[in-house]
Amino acid sequence: SRKRKLTTAARMESGDDRSTNSEPDHSSGVKFTLTNNDVMLGRGSTPHRHPGNVTYRLLVDASKELYAICPKFHKVRLARAIVATVRSHGRRFLQSVEDG
């Protein structure tokens, strides 16, 4: 059976996230324990129900109207501000990867 581990997300799906990344890139195999505050990257019911993801979605939902009406260059800033807000509260973006 394959083992799974959690690593910090080196990049967000929307592009390079270096400007707001306050944590080093741990994609080299450092293991983390997922907390209820962390945002779990992925698809399916497990990430969808995770408490950190629920909180993250509430933050995103609160920004949707502003995002819809602002120019493109402000959309990038808004997305980065959301990520920075999450991280400023000690929360992490974690991704489950398979040991192989």
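Reader: How far apart are the end C-alpha atoms of helix 2, given its 19 residues?
Author: This is a predicted model, in which local features need pLDDT of at least 70 and side-chain atom pairs count only at pLDDT 80 or more, whereas totals for chains, interfaces and linings use all residues. Residues are numbered from 1 along each chain as its sequence is written, and side-chain values use heavy atoms, with hydrogens and water left out. Helices (DSSP runs of H or I, at least four residues) and strands (DSSP runs of E, at least two) are numbered from the N terminus. At 1.5 Å a residue, helix 2 (residues 51-69) should span 27 Å, where the expected span is 1.5 Å times one less than the number of residues, and this agrees with the separation of its end C-alpha atoms, 29 Å.

Reader: On which residue is the kink in helix 2 centred?
Author: The bend at a residue is the angle between axes fitted to the seven residues ending there and the seven starting there. In helix 2 there is a kink of about 45°, and the residue on which it is centred is Ser63.

Reader: Are helix 2 and helix 3 roughly parallel or roughly antiparallel to each other?
Author: Axes are lines fitted to C-alpha atoms, for helices over the stretch in contact, and angles between N-to-C directions run from 0 to 180 degrees. Here the two axes come within 11 Å and cross at roughly 160°, and the contact includes Tyr56, Leu59 and Ser63 of helix 2 together with Leu78 and Ile82 of helix 3. Angles under 35 degrees count as roughly parallel, over 145 as roughly antiparallel, 65 to 115 as roughly perpendicular and the rest as oblique. Helix 2 and helix 3 are therefore roughly antiparallel.

Reader: Which residues of helix 3 are buried?
Author: Helix 3 has 17 residues, and its reach of 24 Å from first C-alpha to last is close to the 24 Å expected at 1.5 Å a residue. Its buried residues are Leu78, Ile82, Val83, Val86 and Arg87.

Reader: What separates the C-alpha atoms of Gln95 and Leu41?
Author: Gln95 has its place in strand 3 (residues 93-98) and counts as partly exposed because its relative accessibility is 36%. Along the chain Gln95 and Leu41 are 54 residues apart, while their C-alpha atoms are separated by 5.0 Å.

Reader: Which pattern does the chain follow when read along the sequence?
Author: The chain has 100 residues, of which 28% count as buried. It holds 3 helices and 3 strands, and read along the sequence they follow the pattern β-β-α-α-α-β.

Notes: Contact means heavy atoms within 4.5 Å. Buried means under 20% relative accessible area, exposed over 50%, partly exposed in between (1.4 Å probe, protein chains only).
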